[in-house]
Amino acid sequence: MKQVQNVCLALLCVTLMWVAPALAEDTVCIQCHAGQEGSLGEPVDQWRSSVHAANGISCHDCHGGDPTDFAMAMSPERGFIGAPDYAEVPAFCGRCHLGVMEDYLDSAHGRALESGGPQCVLCHGNHEIQMATIDLINEESCSRCHDYERATQVKQAIAATETTLQTLESSVASLHRVGIDVERIKADLFAKRNSFRRLFHTVELEKIKTQTNQFNQDLSETKQQIDDHETELGQRKVVGGIMVLLLLLGGCIALLIRRSYQAEE
Amino acid sequence: MKLQKEAMDWLDSRLGIRELLHSNLNGYLLPRNVNVWYTLGSVLLALFGLQFLTGILLLIYYVPDTEKAFASVTAIMNQVPYGWLIRYLHVVGSNLIMVFILLHMFSVLFMGSYKRPRELTWLSGFGLFNMGLIFCLTGYLLPWSQLSFWATTVATDAAGAIPVVGDHLIVFLRGGPSVGEATLGRFFALHVMGLPMAFLGLVGFHLFCVRRAGISSAPFGDDYRPTELTKSFHHQEHPGGVPFHPNYTIKDLSMIFFALALLVAITFFAPWLFIPPDALTPADPFSTPEHIKPEWYFLWAYQSLKIFPSALLGLAAQGAAMGFLAMLPFIDRGPERRPSKRPIFVTLYLLGILLTIGLSIWGHYS
């Protein structure tokens, strides 16, 4: 059931990625704020280079309001929220990133929120937010609040799985480029990646280590499917190579026969 | 063997088949100096045949419905046994046909083979070239991908630049104000029925013209002399030439093998050459891709529309260029065909090719 939910969520996100980018730029929020200076205008340029912009998530998707009406764009009647307070940020981001919020709130980080503990924006940034990578766990960032030792262990525990995820995603993109239908694998991988990202927001080393093994097993099934496709592509190339050689041979033989006719002429 | 002889005797007594075969194969003499460029017609015929065959096989599974077209193409590529091979051969084949048609036309222009008495051969060949372009344009829409949808939107939009009738023409081409179900329906009907029938007829006429007027000699070598033009019909004979079959057909066959080797190599090793990433996502009328570009053989036209101050001027310039090319045999009427004796023509010819390539590269990177 959980897997079905994850696949549905992944499909919804993938659909949003297709539909939304073109619409994101047309909002009245962008039109008005892009021309402003300072803290009112800066978020527009920051957002344009973000992973949110690339996937069509625009101002109103987080801040609410009506992106089609200048007069009502920032009206609470149309759901405008504005910028959240520090402690409200996890709930603000968690409207979309539900699973991550759940695990974060259960973690040492989440429990320390009320007393000024770290929240989403502290590590991920806000308007210029980028695709999360393992590099977000780094000494400079983590040692702002505590010793880096524990974070290093978490990073080591997830590094191999993260690399596997990236390799598989790159393989899926290559298969897609040659016309292989990878929608199911893509959605499955998307769901697995999200679940894995949830996991290390718990910042519980033992839990991460135990569950990472389970993820690796799940990923090996996906890898098998990808390998099967790649093997088939390899076999196609062998057959194609043989066909090309046979055709070239046929052409050369025909040319030799032509030469024998030329000698008679 | 005995059965074959009896069958031939039976046919011969009724249709004079032996005389027909002899006069068109062994007894049909070609000039001794025919070169490799003369084989392009046969290569094109072989590729057209393959397009018909793969097209018919694709028709079995393709569904011309905006809701199902992309899914049906995905199914052909992933579920139908060897469907990917059939589709890639069709896609790569259509691009190679455009390459070979252009090479065929360039060689005919360079050797002056379009000149009297072969004006109709040239005109029918030029018609086939244009029909090939329409084949590609209509076929492009059928997978109903982002590329299909937006490239067709841009292409049909160009017709709007024509004064007075422009807007009506767009509606006529699309079957409505925008590209949709009606557009897919009419492009599909044109691609699989209307165009093939007209194309076969025109190919037949082209071959008839080639056979009736006789093969022109290559205008090279010390022995070559321009043909004297006569007012009455005269089939160009080549006494002392080489028999069409088997001496020349074997050369045709070798070039067909090499062309097929190229087709198979691209099909198996680099099919993505002719399939941009936007062709891999289903059409979405609400999401315009950032850089939608036409296929390589339309890039010169796409860029020429952009460099003129108005689309109408661009269309007029394209029409004038294509009209000039079509009417060339009636403009360039001298009997001389040797390139070395036609420096002005050869200069214009090279400049024309460079301009087309330059515009295409500009269009690609613009």
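How many residues of chain A are in contact with residues of chain B? There are 25 on chain A, and they meet 28 on chain B; two residues are in contact if their C-beta atoms, placed from the backbone, lie within 7 Å.

Please note that this is a predicted model, in which local features need pLDDT of at least 70, side-chain atom pairs count only at pLDDT 80 or more, and totals for chains, interfaces and linings use all residues. Residues are numbered from 1 along each chain as its sequence is written, while chains are lettered from A and ligands numbered from 1 in the order in which they are written.

Let us begin with the interface. On the side of chain A that touches chain B, α13(A) gives the most, with 14 residues. Helices here are DSSP runs of H or I with at least four residues, numbered from the N terminus.

I turn now to a pair of helices in chain B. The axes of α5(B) and α6(B), lines fitted to C-alpha atoms over the stretch in contact, lie 11 Å apart. The angle between α5(B) and α6(B), taken between N-to-C directions on a scale from 0 to 180 degrees, is about 160 degrees. The two are therefore roughly antiparallel, a term for angles over 145 degrees. Among the residues making this contact are Ile97(B) and Met105(B) of α5(B), and Trp122(B) and Phe129(B) of α6(B).

Finally, consider Phe100(B). Leaving aside neighbours within four places in sequence, Phe100(B) is in contact with Leu40(B), Val43(B), Leu44(B), Leu47(B) and Ala259(B).

Terms used
Angles under 35 degrees count as roughly parallel, over 145 as roughly antiparallel, 65 to 115 as roughly perpendicular and the rest as oblique.
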